[in-house]
Amino acid sequence: MEDCLFCKIANGEIGSDIVYENEKVIAFKDISPKAPVHILVIPKKHISSIMEIGRLNSEELSELMKAISNIAIQFELLTDGFRVVTNTGEGAGQTVDHLHFHILGKRQFGWPPG
Ligand code: 5GP
Ligand code: ZN
């Protein structure tokens, strides 16, 4: 989508610290990390949130989920645990309308989340 920040990151128009990429998915470090490890995983295809997940085909969907577990391995998050978050809607804190999963690790997490 033309004016979408994460589409621009996905197509290289805007620079980012990319940690994982394949044909369907890209992952990069969050510019304002909320944990020592804070990665954003997105489908390259623009969808606005998890509410449009039906617009991804099965390959796009499985690559997205596999990326999360691969990145957890890549950043050695398994021993201490990690958190995967997708904020959906303004009330939940979604600020970029392109589906993204936050992967947060290397610190202690509270439950329930704030
Ligand atoms: P949300 O608030 O929608 O759940 O998450 C959006 C995330 O994108 C935030 O954690 C924010 O720090 C991150 N972010 C915003 N702009 C940029 C950017 O230009 N580059 C990167 N790498 N992350 C960004
Ligand atoms: Zn987009």
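Is Glu63 buried or exposed? Glu63 counts as buried, because its relative accessibility is 16%; buried means under 20% relative accessible area, exposed over 50%, and partly exposed in between (1.4 Å probe, protein chains only). This is a predicted model, where local features need pLDDT of at least 70, side-chain atom pairs count only at pLDDT 80 or more, and totals for chains, interfaces and linings use all residues. Residues are numbered from 1 along each chain as its sequence is written, chains are lettered from A and ligands numbered from 1 in the order in which they are written, and side-chain values use heavy atoms, with hydrogens and water left out.

**Salt bridges**

- The structure holds seven salt bridges. A salt bridge is a side-chain nitrogen of Lys or Arg within 4 Å of a carboxyl oxygen of Asp or Glu.
- One of them joins the side chains of Lys66 and Glu63, at 3.2 Å from N to O. Both residues sit in helix 2, three residues apart, so about one helical turn separates them. Helices (H or I, at least four residues) and strands (E, at least two) are DSSP runs, numbered from the N terminus.
- Glu63 is buried, but Lys66 is partly exposed at 42% relative accessibility.
- Glu21 and Lys44 also meet through their side chains in a salt bridge, 2.7 Å from N to O. This pair links distant parts of the chain, 23 residues apart. Glu21 is in strand 1, while Lys44 is in the loop between strand 3 (37-43) and helix 2 (58-74).
- Glu21 is partly exposed at 44% relative accessibility. Lys44 is partly exposed too, at 27%.
- Glu52 and Arg55 form another side-chain salt bridge, at 3.2 Å from N to O. Glu52 has a relative accessible area of 28%, so it is partly exposed. Arg55 is partly exposed at 46%.

**Ligand 1**

- Ligand 1 is surrounded by 16 residues. The closest are Asp30, Gly93, Thr95, His100 and His102. A residue counts as near a molecule or strand if one of its heavy atoms lies within 4 Å of it.
- In the side chain of His100, an N or O atom is 2.8 Å from an oxygen atom of ligand 1.
- Val96 uses its backbone: an N or O atom there lies 3.1 Å from an oxygen atom of ligand 1.
- For Ile31, a backbone N or O atom lies 3.3 Å from a nitrogen atom of ligand 1.
- Taken alone, ligand 1 exposes 520 Å², and the protein buries 83% of that. Accessible areas come from the Shrake-Rupley method with a 1.4 Å probe; for residues, only the protein chains shown count as cover.

**Loops**

- Ile31 is in the loop between strand 2 (25-29) and strand 3. Ile31 counts as exposed because its relative accessibility is 85%.
- Ile31 and Ile103 are 72 residues apart along the chain, and 13 Å separates their C-alpha atoms.
- Gly15 lies in the loop between helix 1 (5-10) and strand 1 (18-21). Gly15 is exposed, at 66% relative accessibility.
- From Gly15 to Gln74 is 59 residues in sequence and 21 Å in space, C-alpha to C-alpha.

**A nonpolar surface patch**

- Ile73, Leu78, Phe82 and Val84 form a nonpolar patch on the surface. Together they have about 350 Å² of accessible area.
- Patches are made of residues with over 30% relative accessible area and no salt bridge; like charges are joined within 9 Å, and nonpolar side chains (Val, Leu, Ile, Met, Phe, Trp, Tyr) within 5 Å.
- Val84 belongs to strand 4 (residues 82-85). Val84 is partly exposed, with a relative accessible area of 37%.

Key. A polar contact is a pair of N or O atoms within 3.5 Å; within protein, one must be able to donate a hydrogen and the other to accept it, and residues adjacent in sequence count only if both atoms are side-chain atoms.
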